[in-house]
Amino acid sequence: MATALLILLGIVIVVFLWGMGVYNTLVRLRNQVNNAWGQIDVQLQRRYDLIPNLVEAVKGYMSYEKNTLEAVISARNQAQAARGQITQSGGPTESSASAVKKLVTADAAVRGAVTNIMALAENYPQLKASENMQQLQEELSSTENKVAFARQAYNDNVMLYNTAQQEFPAVLFVTIFGHHSVELFQIDDQKAKLAPKISFD
């Protein structure tokens with residue numbers, strides 16, 4: 001009787017320690033996802049902060065391209081709204097999955113609109129030569145690279161987190177521990193996946 005009780009107690013302790021290990025691993029991975037999201041968020045905010053400066057720099061030269069300038073501002077505002085939804089829900093969680101998809105779509109529109117402005121700017125030699133425009137070009141290009149690196153790091157962390165939740169036997173306890181899969185920050189449109197060409201050479 002005492003031996004059976006000790007065996008049972010040993011099993012309970014092993015299960016408890018295993019459960020604690022699974023719980024701690026999932027918490028660590030979720031925190032890494034949130035940290036990686038924070039890096040994307042910082043870089044996206046930087047990109048969106050540069051857009052009004054870009055519009056100001058080009059609107060004197062491209063006043064008749066009003067639709068193009070309005071498109072970039074509209075896309076920026078949509079992306080900012082989607083970012084706000086994700087922030088309000090506490091980061092990239094199950095409840096913000098649709099907001100992440102909206103942000104991906106809106107951000108692709110921002111990139112496309114910025115690319116259009118840069119392409120049109122090629123037709124304005126004085127604008128191309130402007131020190132302000134060259135500095136904006138450099139900042140946008142640098143930010144674009146940082147966004148790409150941050151997105152890759154985020155998606156890598158999401159993959160680890162989602163995989164850990166799907167593995168047996170952790171899958172049996174994931175919802176009890178309050179964990180859910182997280183949406184990748186990936187672009188579905190093949191054209192939108194191409195990095196915008198920002199050059200005044």
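A residue counts as buried under 20% relative accessible area, as exposed over 50%, and as partly exposed in between. In this predicted model, E139 has a relative accessible area of 23% and is therefore partly exposed. R46 is likewise partly exposed, at 32%.

The side chains of E139 and R46 form a salt bridge, with N to O at 3.7 Å. E139 belongs to helix 5 (residues 131-166) and R46 to helix 1, so this pair ties together parts 93 residues apart in sequence. The model has six salt bridges by the rule applied; the table gives three of them.

| Salt bridge | N to O distance |
|---|---|
| E139 and R46 | 3.7 Å |
| R47 and D107 | 2.3 Å |
| R47 and E144 | 2.8 Å |

R47 and E144 are both buried. Because R47 lies in helix 1 and E144 in helix 5, their pairing ties together parts that are 97 residues apart in sequence. Salt bridges with shared partners join R47, D107, R111 and E144 into one network. D107, like R47, is buried.

Helix 1 (residues 2-59) and helix 3 (residues 97-121) have axes that come within 11 Å and cross at roughly 35°. The crossing is left-handed. Residues of helix 1 in this contact include W37, R47 and Y48, and those of helix 3 include D107, R111 and M118. By class, the contact of helix 1 with helix 3 has eleven nonpolar, no polar and three charged residues.

An unreviewed UniProt entry places a coiled-coil region at residues 126-153. In the model, this stretch is 96% helix and 0% strand, with its end C-alpha atoms 39 Å apart.

Conventions. Residues numbered from 1 in each chain as written. Predicted model: local features only at pLDDT ≥ 70, side-chain atom pairs only at ≥ 80, totals over all residues. Heavy atoms only, no water. UniProt positions renumbered as here; feature names shortened; annotations may be inferred. Helix = DSSP H or I, 4+ residues; strand = E, 2+ residues; numbered from the N terminus. Axes fitted to C-alpha atoms, helices over the stretch in contact; angles between N-to-C directions. Left-handed = near helix turned anticlockwise from the far one by under 90°. Contact = heavy atoms within 4.5 Å. Nonpolar A, V, L, I, M, F, W, Y, C, P; charged D, E, K, R; others polar. Salt bridge = Lys/Arg side-chain N within 4 Å of Asp/Glu carboxyl O. Buried < 20%, exposed > 50% of the residue type's maximum accessible area, 1.4 Å probe, protein only.
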